[in-house]
Amino acid sequence: MKAQAIFLSVGEAKLREIEVPGPGRSEILIETKACGMCMGDIYVYEGRLPSEQAMGHEGVGVVANIGEGVSNVKCGDN
C-alpha cells in the first residue's frame, strides 16, 4: 500500500510517497485524516535538530485494515 508523508529538513518540507506494509498480527492500519505538528518538527525545519523522517504525531483517522488476532476494532472505526 502506498501513502504520502511530509518529510522535513532545514528550510524544506517535501511530500513523498512511501510504501506502507499491511498490518501484522495484533496490529491495525490507520488511514490518517489529520495530525498535529509540534515544536520538535519546527526545530527540524529551522535546523536546530537533525532529521529526515516523516513528521507529525497525534494522528486522527479511520481503521483501514486489521491484522490477525485483532477483535476489539473493525474496519471503518474512527
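Q: How should I read the accessibility of Arg 25: is this residue buried or exposed?
A: Arg 25 counts as exposed, because its relative accessibility is 59% and the cut-off for exposed is over 50%. Keep in mind that this is a predicted model.

Q: Which residue does Arg 25 meet in a salt bridge?
A: The general idea comes first: side chains of opposite charge can pair when their charged atoms come close. In this structure the side chain of Arg 25 meets that of Glu 68, with 3.5 Å from N to O. This pair links distant parts of the chain, 43 residues apart. Arg 25 sits in the loop between strand E2 (12–19) and strand E3 (28–36), while Glu 68 belongs to the segment after strand E4 (57–66).

Q: Is Glu 68 buried or exposed?
A: Glu 68 is exposed, with a relative accessible area of 59%.

Q: How many salt bridges does a search of the whole structure find?
A: The search finds six. Among them is the pair of Glu 31 and Lys 33, where the closest N and O atoms are 3.1 Å apart.

Q: Which residues is Asp 41 in contact with, leaving aside its neighbours within four places in sequence?
A: With those neighbours left aside, the contacts of Asp 41 are Leu 8, Gly 36, Met 55, Gly 56 and His 57.

Q: Where is Ser 9, and what does it touch?
A: Ser 9 has its place in strand E1 (residues 2–9). The residue is buried, with a relative accessible area of 15%. Not counting residues up to four places away in sequence, Ser 9 touches Val 44, Tyr 45, Ser 51 and Glu 52.

Q: What stands out in the backbone at Ser 26?
A: Phi is the angle to look at. For Ser 26 phi is near 65 degrees, a positive value in a residue other than glycine. Ser 26 lies in the loop between E2 and E3 and counts as exposed at 56% relative accessibility.

Q: Where is Val 60 found, and is it buried or exposed?
A: Val 60 is found in strand E4 and is exposed, with a relative accessible area of 52%. Leaving out residues up to four places away in sequence, Val 60 touches Glu 31, Thr 32, Lys 33 and Ala 34. Two of those names, Glu 31 and Lys 33, also form a salt bridge with each other.

Q: How far is Val 60 from Val 10?
A: These two residues are 50 residues apart along the chain, and 27 Å separates their C-alpha atoms.

Q: What pattern do the helix and strands follow along the sequence?
A: The protein has one helix and four strands, in the pattern β-β-β-α-β. The radius of gyration is 15 Å, well over the 12 Å that the globule rule gives for 78 residues, so the protein is more spread out than a compact globule. The C-alpha atoms fill a box of roughly 45 × 20 × 20 Å along the principal axes.

Q: How much of the protein is buried?
A: Of the 78 residues, 17% count as buried. The accessible surface comes to about 5,600 Å², with 52% belonging to carbon and sulfur atoms.

Q: What share of the contacts with a separation of 6 or more joins residues 24 or more positions apart?
A: That share is 53%.

Q: How far apart are the mean positions of the positive and negative charges?
A: There are 7 positive and 11 negative charges, and their mean positions are 1 Å apart.

Conventions:
Residues are numbered from 1 along each chain as its sequence is written. This is a predicted model: local features need pLDDT of at least 70, side-chain atom pairs count only at pLDDT 80 or more; totals for chains, interfaces and linings use all residues. Side-chain values use heavy atoms; hydrogens and water are left out. A salt bridge is a side-chain nitrogen of Lys or Arg within 4 Å of a carboxyl oxygen of Asp or Glu. Helices (H or I, at least four residues) and strands (E, at least two) are DSSP runs, numbered from the N terminus. Buried means under 20% relative accessible area, exposed over 50%, partly exposed in between (1.4 Å probe, protein chains only). The radius of gyration is taken over C-alpha atoms; the globule rule is 2.2 Å times the number of residues to the power 0.38. Contact means heavy atoms within 4.5 Å. Accessible areas come from the Shrake-Rupley method with a 1.4 Å probe; for residues, only the protein chains shown count as cover. Lys and Arg count as positive and Asp and Glu as negative; His and the chain ends are not counted. The place of a charge is taken as NZ of Lys, CZ of Arg, CG of Asp or CD of Glu.
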